[in-house]
Amino acid sequence: MAKTYNVAVVGATGAVGIEFLKLIKDRHFPIGELRLLASSRSAGKTLEFDGQQITIGETTKDSFSGVDIAFFSAGGGRSLEFAPAAAEAGAIVVDNSSAYRMDPTVPLIVPEINMEDAKVNHGIIANPNCSTIIMLMAVGPIHKKWPVKRIIVSTYQSTSGAGAAGMEELVNQTHAYLNGDPITPKVFPHQIAFNLFSHNTKINEYGYNEEEWKMVCETQKILHVADMAVTATCVRVPILRAHSESINIEFEGERPSVEQIRALIDESAGVEVVDDAAMNHFPMPLEASGKYDVLVGRIRHDISNAKAVDLFVSGDQLLKGAALNGIQIAEGMIQQGWI
């Protein structure tokens with residue numbers, strides 16, 4: 001009989017939590033007991049899973065007895081408060097917040113790129129930022145074959161990055177705008193319908209917002225290149241789901257041909273080439289939404305730099321940018337016998 005694992009989902013009622021539940025079912029994750037956890041506000045309510053109604057429990061430090069794997073997606077504060085207790089109880093924590101990403105003792109994992117880093121852990125494994133994952137799905141395999149010296153990235157980030165409430169705000173503001181009704185931003189600091197703005201996170205002493213700084217530091221950690229030059233500009237756009245990114249890659253040595261890059265992406269796991277210049281058909285968030293793979297296109301030589309190429313990518317922020325990557329981490333650890 002195949003081994004099964006007792007699983008807890010912390011933040012089960014959120015947008016990423018819901019995706020975790022769908023993926024557990026759709027990917028036939030080897031689940032024994034499923035424990036749904038959330039804040040006291042949601043405790044006692046139910047969620048449907050595989051035709052059954054499961055009662056949501058309140059997350060406490062005593063919630064993890066007998067749990068083998070705990071998927072956390074309830075924010076950094078909750079992870080800092082409860083993830084150590086889950087790990088102490090014997091669970092492997094896959095944390096979707098930023099709480100542990102830059103902790104040198106915690107592996108930061110994109111399975112297609114650095115799964116081997118997960119072998120040595122102290123019970124907590126970090127899921128990278130969504131924008132970092134989506135970028136590195138394209139850049140990671142390229143860097144392994146042709147070492148990258150510098151990355152310049154600009155993001156076009158959907159409202160799903162702010163969860164279900166962010167997506168709802170875009171829909172509500174769009175209705176209001178089209179009806180000529182007043183718009184009062186609640187989730188975002190500015191109107192998101194028919195607008196875009198710099199990512200709504202705090203600016204640091206270097207002039208980078210938190211999202212941009214995550215892309216810089218996480219990329220260096222995942223690729224094991226502490227001095228890799230990375231610069232990012234992160235922008236929130238009026239898209240419901242799936243982030244897009246314009247990426248310029250400069251190589252240490254001679255740059256590969258467009259055909260070589262396209263062939264490499266074609267044979268790499270988790271990415272799909274969408275690069276039809278004749279039809280002007282390239283990655284779009286509309287087509288990336290709901291897909292496991294990150295779409296990669298606009299592959300071309302940078303005419304301003306003989307050692308650089310340009311790419312454009314789109315990836316589902318809630319799937320590969322969050323829940324799917326987390327599920328794949330757990331699947332990889334099971335496959336390797338590390339759980």
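Residues are numbered from 1 along each chain as its sequence is written, and side-chain values use heavy atoms, with hydrogens and water left out. Because the model is predicted, local features need pLDDT of at least 70 and side-chain atom pairs count only at pLDDT 80 or more, while totals for chains, interfaces and linings use all residues.

Helix α4 covers residues 130–145, and it packs with helix α6 (residues 210–223) at an angle of about 35°, their axes lying 10 Å apart. Here helices are DSSP runs of H or I with at least four residues, strands are runs of E with at least two, and both are numbered from the N terminus; axes are lines fitted to C-alpha atoms over the stretch in contact, with angles running from 0 to 180 degrees between N-to-C directions. The contact (heavy atoms within 4.5 Å) involves residues including Met135, Leu136 and His143 of α4 and Lys214, Met215 and Ile222 of α6.

Helix α4 also packs with helix α7 (residues 258–267), at an angle of about 115° and again with axes 10 Å apart. In that contact, Ala138, Pro141, Ile142 and Lys145 of α4 meet Ile261, Leu264 and Ile265 of α7.

Elsewhere, phenylalanine 194 lies in the loop between α5 (163–179) and β10 (197–198).

Turning to charged pairs, the structure holds 9 salt bridges, each being a side-chain nitrogen of Lys or Arg within 4 Å of a carboxyl oxygen of Asp or Glu. One of them joins glutamate 331 to arginine 27, with the closest N and O atoms 2.8 Å apart. This pair links distant parts of the chain, 304 residues apart, since glutamate 331 belongs to helix α9 (residues 319–336) and arginine 27 to the loop between α1 (15–26) and β2 (31–38).
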